Amino acid sequence: MTTEYQTLDREGTFKAKPLTWNVYEAKSGAVAVNITFLITAQWNGNAWDSWAEYASTCPGAFYVVKKDGTVNTVTVKQLSESLGWNGDLKTFLDVPSEMEVQITVRAEDYNGATFYKAGWLNPGDHVPSFGA
């Protein structure tokens, strides 16, 4: 049986598990780790609300190499601390999919449409310090 996923439709802080990922090199030379997350819970400002009954996903593009060829150390640190990644792009595909992380999702407007993307990554046990 194939699961039919729906794309996340709101901003917020969520617990999520990596569902799919790949390494992408842009024409500019920048390199991103693209991750699609399966949402498992949403922070309501005081506690986590389960999303177990939903099959919502959210994409995120985490640029680990800037277009000038330098390492984006902030992003590499996020991926390393949250997913246990060792910094080697060749081994990124070995990240365990059962690992739960937290993502901060923000809206992005593009060509008249609004998309929701993960823009910040924290370890799964991180305690959010702000409201929903």
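Which loop does Asn 111 lie in?

## Asn 111 and its loop

Asn 111 sits in the loop that joins β6 and β7. Bear in mind as you look around that this is a predicted model.

If you check the backbone here, you will find that Asn 111 has a positive phi of about 50°, even though it is not a glycine. Asn 111 counts as exposed because its relative accessible area is 71%, and the cut-off for exposed is over 50%.

## The nonpolar core

The largest nonpolar core is made up of 24 residues, and Ile 35, Phe 37, Leu 79 and Ile 103 have the most contacts inside it. At least two residues of this core come from each of β2 (12-25), β3 (31-43), β5 (56-65), α1 (73-83), β6 (101-110) and β7 (113-123). With five residues, β3 gives the most to this core.

Setting aside neighbours within four places in sequence, Ile 103 is in contact with Gly 12, Thr 13, Phe 14 and Ala 16, with Phe 37 and Ile 39, with Cys 58, and with Ala 118, Trp 120 and Leu 121.

## Ala 30, a buried loop residue

Another loop, between β2 and β3, holds Ala 30. Is Ala 30 buried or exposed? Ala 30 is buried, since its relative accessible area is 8%, and buried means under 20%.

Not counting residues up to four places away in sequence, Ala 30 touches Tyr 24, Glu 25, Tyr 63, Val 65, Lys 66 and Lys 67. The C-alpha atoms of Ala 30 and Asn 72 are 9.8 Å apart in space, while the two residues are 42 residues apart in sequence.

How values were computed. Residues are numbered from 1 along each chain as its sequence is written. This is a predicted model: local features need pLDDT of at least 70, side-chain atom pairs count only at pLDDT 80 or more; totals for chains, interfaces and linings use all residues. Side-chain values use heavy atoms; hydrogens and water are left out. A nonpolar core is a set of buried Ala, Val, Leu, Ile, Met, Phe, Trp, Tyr and Cys residues joined through side-chain atoms within 4.5 Å. Buried means under 20% relative accessible area, exposed over 50%, partly exposed in between (1.4 Å probe, protein chains only). Helices (H or I, at least four residues) and strands (E, at least two) are DSSP runs, numbered from the N terminus. Contact means heavy atoms within 4.5 Å.
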